[in-house]
Amino acid sequence: MAKRRSCGLLLAVSVLLLILQLLPHVAAAAPDEDDAVVETEQFEEEPPKAEELPVTPVKQEEEVEEIVYATPKPPLSSYLSETFDDIVSFGKTWVRSQAKKKEVDAEIAKYDGVWALEEPQVALLKGDRGLVLKSKAKHAAIAASLSRPFKFAAKPFVVQYEVTLQEGQECGGAYIKLLSVVEGKGSELEQFTDRSPYTIMFGPDKCGNDYKLHFIFRHVNPLNGNIEEKHAKRPRDKFEEVFKDKRPHLYTLVLQPDNNYQMSIDHQVINTGHLLEDFSPPVNPEKEISDPEDRKPMEWDEKEKIADPEEKKPEDWDDDAPKKISDEHASIPTGWLEDEPEMIPDPTAVKPDDWDNDMDGEWEAPLINNPDCEGIPGCGPWDRPSIDNPNYRGKWFPKQITNPNYKGQWVPRMMPNPDYFEDLEPFKMTPINGVGFELWSMSSDILFDNILICDSLDDARQFAAETFDLKIAKLEKGKGGMFQNVLEYSNERPWLYAVYVLLAAVPVVVIIMCCCVSSSEKDDDDDSATAAAAARKKTDEPTKDDDPTKDDDPTKDDDPTKDVPTKDDLT
């Protein structure tokens, strides 16, 4: 009994461990909150100005406890702080592009994408709105000026904004452009196009299976003033889920005056690097280049191996010997009719009545198989079969030896690069005075929110805590938070799944052990009983239930009075 109780206890513990192991997976399958579908108004063919953008009242979900949201105050370090909650301020700040793209067909040249100011399709925070690109497969552009120009000097540069791909993303971008200061010109936001000068482009982009998080900056050549785009290396971590899950995501780029940078999604750093080391093409050109005037000498020998001049072809080597020859020992099969053709004109064919020899040529009956060739080896000319030529050796080549005149692969001499320069402070980029979205996408309802440009990472984090973090907290409420956290924690540390596998194996092992113990105990009891019976048989030892006073003879009656005659029997 003690063993059984121990086995039962072990089994209960094992089942508990199994349940704990399955909880994260159950949480992963938990359904999302019901979407709050919002009716929105779209622009007509001629979209209104920014101050006339349609505004949709916020509908707040009632199933989950309300999280209090208030529009955050712009940080003191900010150059732009846009939550899209203030309709009046938005109308004064943002300007739709009225320009047309150059060098494209007139039908698609106009920036006629539809913008709207509205709440998210899944309303999370009461009073929260965003800028939504409603249309797809259209060029769209909208921009705003900064409160003051940002000059890349001694302070870090931070740009942060939210993107919600409410319909996912098939092909297109959701990146932001930081517009350059152009000397002698104003911002001219109504003329914002793909050709407008920008200093930095940052944000997500996807087409097909190509997922990108752009960070491009335009570097000015200090020698001639030419501008060249520099592209950051790809992130080391995968982030494909942001294009599929239809949730809000926070994108942050931080540039430091020491030329270091980092890119984050939802507070998780996914890419870091240095402006001088991790961009293509590199900021600074090579100090030396190949001399374009240098030419390879005529006597320069680049052949590492040459034919052995001492090697001679054997006299009996025939380069022209065929690989196959006719078999001279073969003979024509018996019954072969060489004089009979395999095909003959059809004797039953008749020339069509409308056949014109002048137009159609001389008429000939169609060919059919010669009936005389049926059942015999063949008809027509007979050719000997081919066999391998025993004298065939192929083309002769001399063996190869090391070339004594080999000098290696020739390379032109190097010379100083006349276009060389060394810019050790690429952080000092062209100042910016505006921000804009210039996009083309095959998905609609892309929502942008909570744009912040500042020079303090702490302020950016605080701004996110008052906006983005509240949305995530709302999304996580009612979703079995602990279990979801366990699942996310495990996904970040895949080695934990090996531990789960071991935990899953524990109940199986314990059950097997319990079954084996029970079986072995029963077998031991049976073996002991069998041995005791054998011993009693040999020694005639009485068993516990035996009566030593009874006769073991089964023929004797157990009742001694049974055979005594009664009085009636005597009479």
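Is lysine 230 buried or exposed, and what relative accessibility does lysine 230 have? In the predicted model examined here, lysine 230 counts as buried, because its relative accessibility is 1% and the cut-off for a buried residue is under 20%. The partner of lysine 230 in a salt bridge is glutamate 228, with the closest N and O atoms 2.5 Å apart. Glutamate 228, by contrast, is partly exposed, having a relative accessible area of 40%.

The protein chain as a whole contains 9 helices and 25 strands. Of its 571 residues, 36% are buried, and the accessible surface of the chain amounts to about 35900 Å², with 52% of that surface belonging to carbon and sulfur atoms. When contacts between residues at least 6 apart in sequence are considered, 78% of them join residues at least 24 apart.

Across the whole structure, a search finds 21 salt bridges. One of them is formed by the side chains of aspartate 445 and lysine 134, which meet at 2.6 Å, N to O. This pair links distant parts of the chain, since aspartate 445 is placed in the loop between β24 (432-440) and β25, whereas lysine 134 is placed in the loop between β4 (130-133) and β5 (139-150), 311 residues apart. Both aspartate 445 and lysine 134 are buried.

A further salt bridge joins aspartate 291 to arginine 413, and here the closest N and O atoms are 3.0 Å apart. Because aspartate 291 lies in the loop between β16 and β17 (305-307) and arginine 413 in the loop between β22 (400-402) and β23 (414-416), the pair ties together parts of the chain that are 122 residues apart in sequence. Aspartate 291 is buried, with a relative accessible area of 10%, while arginine 413 is partly exposed at 48%.

Serine 456, in the loop between β25 (446-454) and α5 (457-465), has a polar side-chain atom that lies 3.2 Å from the backbone nitrogen of aspartate 459. Serine 456 counts as buried at 17% relative accessibility, and, when residues up to four places away in sequence are not counted, serine 456 touches Ser77 and Val158. Asparagine 284, for its part, is located in the loop between β15 and β16, and a polar atom of its side chain lies 2.7 Å from the backbone nitrogen of aspartate 423. With residues up to four places away again left out, asparagine 284 touches Leu276, Phe421, Glu422 and Asp423.

The backbone geometry was examined as well. Most residues other than glycine have a negative phi, and most peptide bonds are trans. Asparagine 259, although not a glycine, has a positive phi of about 80 degrees; asparagine 259 lies in the loop between β12 (248-255) and β13 (260-265) and is buried, with a relative accessible area of 5%. Histidine 267 likewise has a positive phi, near 70 degrees, and is found in the loop between β13 and β14 (268-274), where histidine 267 counts as partly exposed at 39% relative accessibility. The peptide bond from serine 280 to proline 281 is cis, with omega near -10 degrees, and proline 281 is placed in the loop between β15 (279-280) and β16 (288-290).

Technical notes. Residues numbered from 1 in each chain as written. Heavy atoms only, no water. Helix = DSSP H or I, 4+ residues; strand = E, 2+ residues; numbered from the N terminus. Buried < 20%, exposed > 50% of the residue type's maximum accessible area, 1.4 Å probe, protein only. Contact = heavy atoms within 4.5 Å. Areas by Shrake-Rupley, 256 points an atom, 1.4 Å probe, with all protein chains shown as cover. Polar contact = N/O pair within 3.5 Å; in protein donor to acceptor, adjacent residues only side chain to side chain. Salt bridge = Lys/Arg side-chain N within 4 Å of Asp/Glu carboxyl O.
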